[in-house]
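Morning, everyone. Let me put the sequence and the structure up, and then we will walk through them.

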Amino acid sequence: QVQLQESGPGLVKPSQTLSLTCTVSGVSVATSSHAWTWIRQPPGKGLEWVGYRAKSGNTYYRPTLKSRTSIDWDTSKNQFNLRLNSVTPEDTAVYYCASDCTIATMTCATWGPGTNVTVSS
């Protein structure tokens, strides 16, 4: 059974880099049997995908965030990480990691509990 847990700072200052980690248990993050996704939900808004690695191994980023976003994997720790550069208050959101998502409908097989991130000085 796949389980996911996000971790990272709850408060980030504008222009800094947001770094979040998703720790995976129950399966190796290196497997090609699962796709791994970062999703966020700004206050009062719907879910939006940030980036994901498909089962094919290709990585995709939300077009509006692509220039500021990177996702990498630490197979030794069974984690995958999100970095979002040059954050603004508009990046304030609950951030989730998830597996095996249908991006069009934002439905996923497994979700982490989410972590609140506020961008403020």
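Is C97 buried or exposed? C97 is buried, because its relative accessible area is 0%. By buried I mean under 20% relative accessible area; exposed is over 50%, partly exposed is in between, all with a 1.4 Å probe on protein chains only.

A word on the model. It is predicted, so local features need pLDDT of at least 70 and side-chain atom pairs count only at pLDDT 80 or more, while totals for chains, interfaces and linings use all residues. Residues are numbered from 1 along each chain as its sequence is written, and side-chain values use heavy atoms, with hydrogens and water left out.

Back to C97. A disulfide joins it to C22, S to S 2.1 Å. A disulfide here is a pair of cysteine sulfur atoms within 2.5 Å. C22 counts as buried too, at 0% relative accessibility. The angle about the S-S bond is 70°, and the link of C22 and C97 is right-handed. C22 sits in strand 3 and C97 in strand 9, 75 residues apart. Strands are DSSP runs of E, at least two residues, numbered from the N terminus.

How many disulfides does a search of the whole structure find? Two. The other one joins C101 to C108, with S to S 2.1 Å. That link of C101 and C108 is right-handed, with 105° about the S-S bond. C101 is buried at 17%. C108 is buried at 16%.

Now the core. In soluble globular proteins, nonpolar side chains tend to be buried together. A nonpolar core here is a set of buried Ala, Val, Leu, Ile, Met, Phe, Trp, Tyr and Cys residues joined through side-chain atoms within 4.5 Å. The largest has 23 residues, and L18, V24, W38, F80 and Y95 have the most contacts inside it. Strands 3, 4, 8, 9 and 11 each supply at least two residues of this core. Strand 3 gives the most, with four residues. Apart from this core lies another, of 10 residues, among them W49, A54, V94 and Y96.

Four strands form an open sheet in the order 1-3-8-7, with antiparallel pairing. Strands pair if DSSP finds at least two bridges between them. Strand 1 (3-7) and strand 7 (69-74) are the edges, each pairing on one side only. Strand 1 and strand 3 pair over five bridges.
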